[in-house]
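Let's walk through this structure together, one part at a time. Keep the sequence and the 3D view side by side as you read.

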Amino acid sequence: MRDMCGRYANFLAEQELIDHFAIAAVADEPRLFEPNWNVSPTQQVAIVVPGKDDDPGRRLEAAAWGLVPSWAKDPSVGARMINARAETVADKPSFRTAFAKRRCVVPASGYFEWRTDEGGKQPFYIHPADESPLAFAGLYEFWKDKALGEDAPWLVTTTILTTAARGDMRDIHDRQPVMLTRDALDAWLTRDTDQGTLFDVIAMPAPDLAWHPVHKAVGSPRNNGPANVEPA
């Protein structure tokens, strides 16, 4: 089956993000983001990144969804790298450097997945049962068009880790995003966390989830509004 997660919603208020993820600084670009009930690949999205050595607080930044490795010749490759499989992330050249050095969290209100059966494809909206913010385990990377010289702008991109579906989630799809509890955030975002601990974090249970079928209109990125997450 195809990989996922390929659509999600983020209508979290800025203060919700700050409080839930203990964010110390918010970049200018995420402040301008509108609520989005149909986040699609290649769009600009909010990510939570660890602080710098001289400024350790977590930061809310912007990145294009679809990771572009630093060595890529063309940024269009990012459209095919919206997900990184947890089983191969430490070895695959496209992701292994970011997995070791540039991990982030992609905040969301919930995500969409399609179940295929004899009647066709039915979209579901999947979200934390307590409506708290959802934290996808992500990676981020920097890319620059070397043909434009040293003054070329940096492109920041991100991807969401996926793993085998667990429990009742397998009734909808065979994959699910890696979703972090608040207790796991520190280990994931700490730059020098060892690889064994990172895989322990990936294996941790996801937050308690709830889901319901939604209208098929969510399949088009042009349809963006609260109706996307309402029960069909």
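Phe124 stands opposite Pro213 in strand S13. Strands here are DSSP runs of E with at least two residues, numbered from the N terminus, and two strands pair if DSSP finds at least two bridges between them. This is a predicted model, in which local features need pLDDT of at least 70 and side-chain atom pairs count only at pLDDT 80 or more, while totals for chains, interfaces and linings use all residues. Residues are numbered from 1 along each chain as its sequence is written, and side-chain values use heavy atoms, leaving out hydrogens and water.

Now widen the view. S9 and S13 are part of an open sheet of five strands in the order S3-S1-S8-S9-S13, with antiparallel pairing. Strand S3 (36-39) and strand S13 (209-213) stand at the edges with a single partner strand each, so one side of each has no neighbour in the sheet.

Next, look at the loop between strand S11 (155-164) and strand S12 (175-177), where you will find His173. Is His173 buried or exposed? His173 counts as buried because its relative accessibility is 2%, and buried means under 20% relative accessible area with a 1.4 Å probe, protein chains only. The His173 side chain makes a polar contact with the side chain of Asp174 (3.1 Å), and also reaches the backbone nitrogen of Arg175 at 2.9 Å. A polar contact is a pair of N or O atoms within 3.5 Å; within protein, one must be able to donate a hydrogen and the other to accept it, and residues adjacent in sequence count only if both atoms are side-chain atoms.

Methods. Helices (H or I, at least four residues) and strands (E, at least two) are DSSP runs, numbered from the N terminus. Buried means under 20% relative accessible area, exposed over 50%, partly exposed in between (1.4 Å probe, protein chains only).
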